[in-house]
Every structure is written in C-alpha cells, then in structure tokens.
Amino acid sequence: MTTDLGFPTDGLAEVPASGEELSAKDFTSDQEVRWCPGCGDYAVLAAVRGFLPELGIARENTVFVSGIGCSARFPYYMNTYGMHSIHGRAPTIATGLATTRPDLNVWVVTGDGDGLSIGGNHLVHALRRNVNITILLFNNRIYGLTKGQYSPTSDQGMVTKSTPAGSVDTPFNPVSLALGAEASFVARTLDSDRAHLTETLRAAAAHRGSSLVEIYQNCPIFNDGAFDVLKDKDEKQRRLIQLHHDQPITFGPEHERCGVVRDENGELQVAKLSEVDEHELVTHDAHRDDTSHAFALSRLGGQHLDPTVTGVFRQVSRPTYDDQARAQLSEAAEQKPPDLQKLLTGNNTWTI
Amino acid sequence: MVATNGQRPAGQAESGPDEQADTPRKANRVVIRFAGDSGDGMQLTGDRFTSEAAAFGNDLATLPNYPAEIRAPAGTLPGVSSFQLHFADYDILTPGDRPDVLVAMNPAALKANLGDLSDGATVVVNTDEFTKRNLKKVGYETSPLDSAELDRFTVHRVAMSELTKGAVAETGLTRKEAERCKNMFALGLLSWMYSRPTEDTERFLREKFAGKPQVAEANVLAFRAGWNYGETTESFAVTYEVAAASLPEGTYRQVTGNLALAYGLVGAGQRSELPVFLGSYPITPASDVLHEMAKHKNFGVTTFQAEDEIAGVGAALGASFGGSLGVTTTSGPGLALKSETIGLAVALELPLLVCDIQRGGPSTGLPTKTEQADLLQALYGRNGESPVAVLAPRSPADCFDIAMEAARIALTYRTPVLLLSDGATANGSEPWLVPDVNELPDLRVSFASEANAPDGSGEFWPYVRDPETLARDWAVPGTPGLEHRVGGLEKVDGKGSISYDPDNHDEMVRLRQRKIDGVEVPEMPVDDPSGRARVLVLGWGSSYGPIGAACRRVRHRGMEIAQAHLRYLNPMPPNLGEVLAAYDRVIVPEMNTGQLAMLLRSRYLVDARSYTKVAGLPFQAEELENVLSDVVQGSEL
C-alpha cells in the first residue's frame with residue numbers, strides 16, 4: 001500500500017549528510033565492551049558499527065535508545081548520542097524524540113524481556129503508530145542480566161531458575177506479534193550471519209516508519225546453543241529460508257530443494273521441489289497491504305526453527321505518526337500565526 | 001424574591017431600607033448553586049451564569065461538583081451534578097460555603113443539597129420533576145414541597161419543564177428535545193433575579209448551536225421565557241443587584257485552573273523559545289489540559305496521547321533529551337505510574353514538567369473530587385534518593401504563574417519539576433488579570449555547543465556543571481562533536497561515565513540534593529496586618545481561598561491572626577523557618593491527614609498543628625473561621 005500525502009518515504013530523508021567519510025571506528029566509543037565472551041551481541045555491534053558509515057549521515061544525528069537488559073548496554077558502545085533508559089520504556093522515549101526531531105536517525109535496542117515482556121505495550125503501540133524509528137529486538141529467549149529466568153520467547157517446558165519444573169508459558173512469536181500490531185516493516189535475521197544482518201539493517205534504516213528487526217542472538221551463559229541448528233552448515237541449509245521480495249520462496253540443499261506452497265486449505269506448507277510444479281510455488285510479496293501473507297510466513301516454523309524464515313516479511317509505505325503530527329503543527333502555524341497575547345486575552349474580557 | 005420570613009435575603013446585603021418592588025436591592029455577595037441530574041446541563045448553566053457575572057465585572061469563584069459516572073441513573077442521588085458560584089462586589093477568595101440560592105431541578109437535587117443551606121435561603125424548584133416516581137427514587141414518602149421541611153426557606157415552585165415546553169413549542173422540537181432546554185429557563189430566571197446582562201448568553205447559545213438553528217432558537221426562547229417569568233410573576237417581587245467589584249486596574253478574563261495551566265505551558269514554550277511536547281494519558285481531572293493544549297499546535301505545541309501514563313512521561317522525557325520542553329499531565333494514580341521515569345529524569349538531569357491534578361485517593365479513589373494528598377508522593381514517591389522541585393498553585397489563575405515558574409526551574413536547573421494542582425483548582429474559575437506577554441519572564445536557555453572537558457581534552461562531558469546552579473550542560477543530539485551517552489546508572493560527575501564506586505555514589509546523591517536545595521525561590525510573604533498576631537495559619541495549594549476568607553472573618557471578629565501560604569514546597573522558601581519561629585502557634589489546614597505538617601515538624605522542629613479534612617470537597621471558610629477563632633482564643637487543636 002502506498003499512500004501519498006507528500007511525506008518522504010526514505011527513513012533518513014531529513015537527516016543531514018555527514019561532511020566527511022566515516023568508518024566503523026568513528027562510531028566506536030571509548031567504553032570497553034563488557035558483554036560475556038561469545039555473546040551474540042558482539043556480532044550485532046560490529047555489524048551496526050560497520051554499516052552505519054555507508055548511510056552517509058552525520059554521526060551526531062544518530063541516536064541509540066535502550067531500556068534495561070544485556071542488549072541495553074549497546075548505546076554506551078556507540079560514539080553517537082545515546083540513552084540507556086529504564087526497563088521496557090525505550091520506545092516511548094524514542095517516540096518523543098523522533099516526533100520532535102525529524103533530523104535524527106533514531107534506533108531502539110531492546111531484548112525479548114525488555115521489549116516483549118515489561119515493555120510489550122510500548123512496542124506494539126510504537127509499531128501501530130508507525131513512528132520513524134528502527135527497533136532491534138535481540139531475541140536470545142532468556143533473561144540474561146537477571147541471570148537466567150525464562151522469557152516471553154523461551155521454549156515451553158524450559159527449565160530455568162524460576163521454572164525448576166519447566167516453563168508452562170506459551171512463547172510469543174515476535175514477527176507474528178509485530179504484524180498483528182500493524183507494523184509497516186518486519187524482518188528477522190541472525191547474529192551469526194553478518195551479511196544477512198547487514199542487509200536487513202540497511203533495509204530497516206531506509207524504511208520510513210517503525211521498523212522491527214528480530215535478531216536471533218545466542219546467550220552463551222544462560223541459553224547457549226538455542227540457535228545452534230542455524231549455525232550447523234547442513235542443518236542451516238536444510239532449515240533456513242531467506243525471503244526475497246518478488247521471488248518464489250525456495251530453500252534447502254541442492255539434492256533436496258524445497259519450496260513454499262499453499263495447500264488445499266490455503267495454508268502455507270513446505271514441499272519438495274521435486275514433488276510440486278514450479279507455478280505452485282508461493283512468490284514473496286513484502287509490499288502487500290494485507291498482512292495475511294506475511295503472517296502465514298511468520299507461522300511457518302517459528303519456535304522450533306524448522307524451517308526458519310528470515311528476511312523482510314513486510315515492508316509497506318504508510319504515513320508515519322511523526323510526519324503527520326509535524327504536518328499538523330506547521331499547517332496550524334501557517335493558518336494561524338502564534339500570538340500569545342491574543343491567546344491569553346481571549347474573546348471575553350472586561351476592563352477595570 | 002424577598003426575605004418574606006424576615007430572615008436572610010437571597011443575597012447578603014450590607015444594609016438598606018425596604019425598596020420598591022421594581023428597584024433592585026443591593027447585595028454585596030451572593031452564592032448560587034445550580035443542581036440537577038447529570039444530564040440536566042447544570043455545569044453549562046453555571047458556566048454561563050459565571051460568564052454573565054464576569055462580564056458584569058463582579059469578582060467570582062466557582063465550584064463544580066459532579067459524579068464520576070458520565071450518566072448515573074437519572075433522578076438518583078448519585079446522579080446529582082451541581083455548580084456553585086460566588087460573585088461579589090469585592091475581591092472574594094472562595095466559591096462560598098452555603099448557598100443563598102439553590103436551584104433544584106429534581107427531588108434528588110433538592111435532597112442532596114438541602115443540608116448545605118442556611119435558614120432563610122431561597123430555593124427554586126422545578127415542580128414538574130416532583131412526581132411520585134422521582135420522589136420514591138430518593139426515598140421521599142411525600143413531596144417535601146408539601147411538608148414543613150422547607151419552612152425555613154423561601155421556596156419558589158416553578159413548573160419549569162412545562163413552561164419551557166410551552167415557550168419553545170413554535171420551534172417544532174420534539175417534547176423531549178424541548179424539555180432539554182429547561183436549564184436555560186432556569187438560567188433566564190436567575191439572570192433576571194440578579195439583574196445580569198443577557199446579550200452574551202443569547203450570542204453564546206446561537207454560536208454553540210450554530211449547526212442546529214432550531215435548537216439554538218429553542219434555547220434562546222427558553223432563556224427569555226425564564227427571564228420573563230421572573231419579571232411577570234408576582235412571587236418574584238424583588239431583584240437583586242451585585243455591583244462590579246473594585247479589583248486592580250487592567251483587562252480581566254475568566255479562567256479555570258486547567259485553562260490557566262495550559263496557557264502557562266504554552267507561554268513557557270513561547271518565552272523559552274522551545275517547542276513544547278506534552279505526553280499525556282486521559283485521566284480525570286487532568287484531561288482538560290491535554291484537550292486545551294491540543295488546540296495550540298500553532299504555538300509549536302505537540303500533544304501526544306500515549307498508550308499509558310508511562311509512555312506519556314517517557315515520550316516527554318525523550319522530547320526533552322532532544323531539546324524540547326517536555327511536559328506530562330496526570331492525576332495521582334498516573335503519577336504513581338510515572339515514578340520510575342521521573343527518577344530517570346532525576347538521574348539524566350533533564351528538564352521535565354510533571355503536572356499532577358490531584359484527586360481523592362488512594363487507588364481510583366474519588367476521581368471527580370478534590371484532595372491534596374499527593375504531596376509526599378510528589379516529594380518522595382520514587383526509589384532511591386530522588387529529589388525534585390515541587391510547586392503548587394494557590395488558585396485557578398495562579399496556575400498560569402506556577403506553570404511558568406515550574407518551567408523556569410526545570411530549564412534553569414535541568415530537573416524534573418512536579419506541579420501539584422487539584423480538582424478544585426483545576427475546575428474552579430476566577431477572574432484573571434491578563435498579563436502583558438512582554439513582561440513575562442525570559443525563559444531562554446543555551447544549549448551546549450562546544451567541548452567542555454575541564455582537562456582540556458577537547459571532549460564533551462555531559463555532567464560538567466554551572467558552578468552556581470549546579471545545572472549540567474545540555475547538549476542536544478545533532479550537535480557535532482558533543483556525542484555522549486546518558487542513562488539511569490550511577491555516573492561520575494563531570495565525565496558522566498558509569499561508576500559503581502561507593503564514595504562517588506555518596507557524593508552524587510548529595511550533589512543532586514544540593515542542586516534542588518539550591519533552587520532559588522522567593523521569600524514567602526506573611527499577611528499579618530497588625531503585626532501582633534500570635535497564631536500563624538500556614539497552608540499550601542488550593543486551600544488558600546478558604547484560609548484567607550477565614551482569616552478575614554477571624555479579624556472581623558476582632559482577633560489577630562497571620563496567614564502565609566506555600567507555593568514552593570521543595571525547596572521551601574528561605575524565610576520559612578524564621579516565619580514559623582516568629583509565632584506562638586502554627587496551624588496547618590490540609591486536605592490530607594497532615595502531610596505538610598509532618599514535613600514542617602521534622603524540618604523545622606516546630607510544633608505545627610494539623611487541621612485536616614479529606615472529604616473530597618474544599619474547606620469551608622466558616623469551618624476554618626471557627627477552628628482558627630478557637631485557636632486564637634487559646635484552645636488546643
């Protein structure tokens with residue numbers, strides 16, 4: 001869907017360009033990175049630092065806002081403006097900032113506990129409003145900073161300190177949740193795939209509106225190996241689907257190529273290419289206004305990672321909250337130039 | 001209308017020989033209460049009468065009182081809505097204790113308000129609503145109109161519904177629609193009784209119903225019918241006149257507290273030359289500030305109706321980080337939800353205005369009733385040592401000045417400021433001497449634009465402070481070379497990097513406290529006309545009116561009493577200790593169970609005595625007069 005109200009469609013349209021050539025080093029702060037050895041956060045940090053220079057925007061116009069959790073340390077390690085705020089509330093702070101400052105490139109860094117549990121309400125509303133911010137959701141399916149309790153994305157039955165007999169909670173599927181919240185950009189990627197991660201971040205930054213990028217990220221201390229099947233060469237090849245807009249969805253090893261087809265009930269299924277006609281293959285359309293296609297893809301696999309769908313599920317252009325709010329302000333000022341004395345005096349006065 | 005039973009007239013006259021029926025009598029002040037079902041339009045009626053009084057030049061004060069339910073069951077006691085108005089030919093301080101006139105649109109309104117009337121008051125009732133069914137709803141076996149219960153009053157029985165229907169018949173409205181105009185009949189009648197100007201009301205009605213000319217016409221006809229009824233009916237033999245008040249010279253308008261607060265916030269944005277960002281979530285009685293602010297986008301005011309209270313303040317803080325004047329408005333339960341974010345603002349040391357329009361608590365409490373029981377929540381309702389500045393307006397019009405003051409402190413000291421209004425102040429109204437905008441304080445701030453590290457490293461350190469105010473340098477995103485990170489973790493002063501060092505934390509806690517303690521606030525004036533008073537009455541917030549009126553009465557009775565009022569609750573005025581020590585007795589009336597008194601006792605080692613009431617309604621001047629008189633005469637409290 002494209003609604004043309006004269007608003008820019010590029011997420012960075014109003015962000016000033018950098019006057020100089022920047023490198024990853026320019027985006028690196030003097031703070032020592034203190035995540036655990038082997039943490040997936042390192043890979044994401046490296047990817048973000050590495051790809052930001054290519055955006056060509058001014059470093060001082062970049063802001064990272066985080067809540068609480070391991071991932072929330074992220075802003076300290078970026079040599080940009082940043083705020084390490086409180087648990088779950090980063091989207092609210094980013095909303096106020098992005099609404100008042102169209103010249104900023106605003107990022108929210110959150111995790112499965114921060115963004116989906118304590119801050120779930122803010123996350124869905126930020127997506128619904130379509131504020132021009134990019135949200136990186138580090139999903140390691142565990143609480144790390146509080147030392148190993150189950151999270152809203154943990155497997156059912158998972159034994160943790162707070163669930164010695166196994167968790168009985170049903171996990172969220174963050175991509176399904178975001179689509180249900182009317183998100184205009186939803187993607188999933190892996191900490192272990194630098195190229196795909198970078199490509200996804202690039203698309204998210206370019207999107208005008210709220211972008212949600214779920215990043216499967218390994219916690220080596222409290223949930224080590226949660227995504228190992230996606231790191232094993234053979235398993236990865238067998239399970240991983242990378243979505244590409246306008247292309248038939250196919251995946252799998254050479255000898256056993258698979259594709260996504262629609263069954264007689266209209267549901268998406270994985271089928272061996274050898275067993276279906278080419279025209280039966282579902283072609284990915286990220287720009288469809290109707291979310292049912294993207295939603296169906298988000299349900300393919302899911303918690304058990306078999307298959308694992310990655311890439312951009314949905315990317316539609318719709319007016320952002322902040323563009324419209326600012327337009328109302330400038331329109332009002334144009335129609336009625338501000339006159340404080342007139343306002344305070346009003347129409348019903350008497351003189352003594 | 002005359003005091004036929006030889007008791008009090010329907011206005012409080014200073015003196016006066018009996019006058020002819022066609023000559024208006026003089027009264028100095030009158031208290032009128034319009035009461036009816038919540039669907040009867042009593043708030044609108046009261047509001048219009050207020051505008052008429054204001055236009056005439058009376059001083060006035062109002063007290064709306066309505067149920068939390070939008071439409072409680074019709075005709076029941078919980079559904080009664082009322083609007084009280086006090087107008088006078090001199091400067092008055094309260095909406096009045098006891099009505100001189102009660103307009104009761106149904107039996108419930110009569111029953112709910114009768115107890116507040118003193119002997120000799122005038123009661124105007126809509127007899128059409130005194131049906132068996134309606135009487136039964138409120139537990140009347142027989143009509144009070146036929147009993148001795150009303151003998152103490154001058155009662156006017158007016159068939160308002162039928163008279164209204166007759167008057168508007170020509171407009172062709174349905175009977176139901178026609179009857180809805182009866183509040184304007186009542187307004188017309190009262191306008192005649194008190195010789196009020198009528199042109200503005202007619203104009204108002206035509207404007208309000210501009211899209212429905214038939215309804216506009218009907219309301220005007222009903223209004224005129226009420227007026228004519230007074231003029232032609234013999235039972236209303238006398239009209240009253242309350243002359244214009246002599247207030248300081250200038251241009252006046254009527255404002256409610258919430259309106260004045262919104263104007264103060266808009267004004268603060270203009271005078272600071274910063275965009276204003278209001279993040280808010282609907283809550284009674286604060287929502288009107290959001291509604292008002294939403295109208296002023298042309299002043300660079302962004303209003304954001306958030307998903308919850310936390311998001312409201314979070315977005316405001318995010319806007320402040322970006323260089324806007326971040327504001328959030330709420331009431332007590334919402335303030336509780338915002339606590340953690342206010343604590344973050346304390347740690348970030350960013351400007352933030354938090355306006356709490358207090359209501360009855362705890363929990364949901366009494367959403368539409370007033371209370372001032374959030375003082376300790378405002379001061380201490382956060383984790384850790386988390387000092388903020390706290391201010392409280394003393395009247396509806398004072399909300400404007402307090403909002404500007406709150407902005408000054410927030411911007412100068414880079415701190416959250418809590419502003420404690422309350423339901424009575426928010427919805428009450430009074431005349432406001434419109435300020436000259438050129439004389440409003442200059443609130444401009446300068447953002448950091450260059451490196452400030454004292455070690456000459458050429459870096460920007462976010463916690464480098466102004467040595468006088470202790471305010472930190474405020475560098476907004478987009479400023480090249482000043483990229484920095486702030487957060488809720490403890491940090492080293494100056495550089496701002498995270499620190500878990502024990503001594504550093506101890507120093508930072510004390511530093512944040514020193515900054516707030518050092519906020520410059522003016523001395524507190526004391527009203528002690530003779531200079532010989534031995535008793536001081538000290539209040540804060542909306543009790544200013546009733547306390548002031550009570551002090552006048554105490555003095556009128558030949559006794560001496562001093563009055564002082566706190567608008568600055570943190571830090572408190574520099575002369576407060578001295579003032580407290582100068583009197584033998586200190587009385588602190590509060591609409592809570594003694595929160596300010598507790599603070600005064602602990603901080604100043606003074607034997608401050610509380611007089612408290614938490615009934616959801618403002619103090620009455622009369623009750624305070626009695627309490628204070630007793631204290632002056634030596635009684636213990």
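This is a predicted model: local features need pLDDT of at least 70, side-chain atom pairs count only at pLDDT 80 or more; totals for chains, interfaces and linings use all residues.
Strands of a sheet in general pair through backbone hydrogen bonds, and they may do so in a parallel or an antiparallel way.

The sheet to which these strands belong is open, has 3 strands in the order β8-β9-β10 of chain A, and is paired antiparallel. Because β8 (250-251) and β10 (268-272) of chain A stand at the edges with a single partner strand each, one side of each is left without a neighbour in the sheet.

## A helix and its surroundings in chain A

Helix α6 (residues 194-206) of chain A consists of 13 residues and reaches 18 Å from its first C-alpha to its last, which is close to the 18 Å expected at 1.5 Å a residue. Which residues of α6(A) are buried? They are Leu197(A), Thr200(A), Leu201(A), Ala203(A), Ala204(A) and Ala205(A). The cover over these buried residues includes the helix α1 (41-55) and the strands β4 (134-139), β5 (185-190), β6 (211-216) and β11 (308-315), which are likewise part of chain A.

A UniProt record, in an unreviewed entry, places the feature "domain: Thiamine pyrophosphate enzyme TPP-binding" at residues 68-215 of chain A. In the model, the end C-alpha atoms of residues 68-215 of chain A lie 17 Å apart, and this span is 32% helix and 19% strand.

## Where chain A touches chain B

The contact between the chains takes 48 residues from chain A and 56 residues from chain B. On the side of chain A that touches chain B, the elements giving two or more residues are β2 (81-84), α2 (90-100), α4 (120-129), α9 (321-335), α10 (340-345) and β12 (349-351), and the largest share, 8 residues, comes from α2(A). Sorted by class, this side of chain A has 21 nonpolar, 21 polar and 6 charged residues.

Strand pairing also links the two chains, for β12(A) and strand β9 (residues 251-256) of chain B pair in the antiparallel sense over 3 bridges. Thr351(A) has Thr251(B) as its bridge partner in β9(B).

## A buried strand in chain B

In a regular strand the side chains alternate between the two faces of the sheet. Strand β5 (residues 101-104) of chain B has Val101(B) and Val103(B) pointing one way and Leu102(B) and Ala104(B) the other way, and all of them are buried.

Strand β2 (residues 29-37) of chain B runs parallel to β5(B) and is joined to it by 4 bridges, with Ala35(B) having Ala104(B) as its bridge partner. Strand β6 (residues 122-126) of chain B also pairs with β5(B) in the parallel sense, over 4 bridges, and here Val101(B) stands opposite Thr122(B).

## The domains of chain B

The domain assignment divides chain B into domain 1 (25-241), domain 2 (253-439), domain 3 (446-520) and domain 4 (526-632). The centres of domain 2 and domain 4 of chain B, taken over C-alpha atoms, are separated by 26 Å, and 22 residues of domain 2 are in contact with 19 residues of domain 4. On the domain 2 side of this contact, α13 (375-380), β14 (389-391), β15 (416-422) and α15 (423-427) of chain B each supply at least two residues, and the residues of that side divide into 13 nonpolar, 5 polar and 4 charged.

Terms used. Residues are numbered from 1 along each chain as its sequence is written. Chains are lettered from A and ligands numbered from 1 in the order in which they are written. Two residues are in contact if their C-beta atoms, placed from the backbone, lie within 7 Å. Ala, Val, Leu, Ile, Met, Phe, Trp, Tyr, Cys and Pro count as nonpolar, Asp, Glu, Lys and Arg as charged, and the others, Gly among them, as polar. Two strands pair if DSSP finds at least two bridges between them. The expected span of a helix is 1.5 Å times one less than its number of residues. A residue is buried if 20 or more other C-beta atoms lie within 10 Å of its own, exposed if 12 or fewer, and partly exposed in between; C-beta atoms are placed from the backbone. UniProt positions are given in the numbering used here, feature names are shortened, and annotations may be inferred rather than shown by experiment. Domain bounds come from an automatic or database domain assignment.
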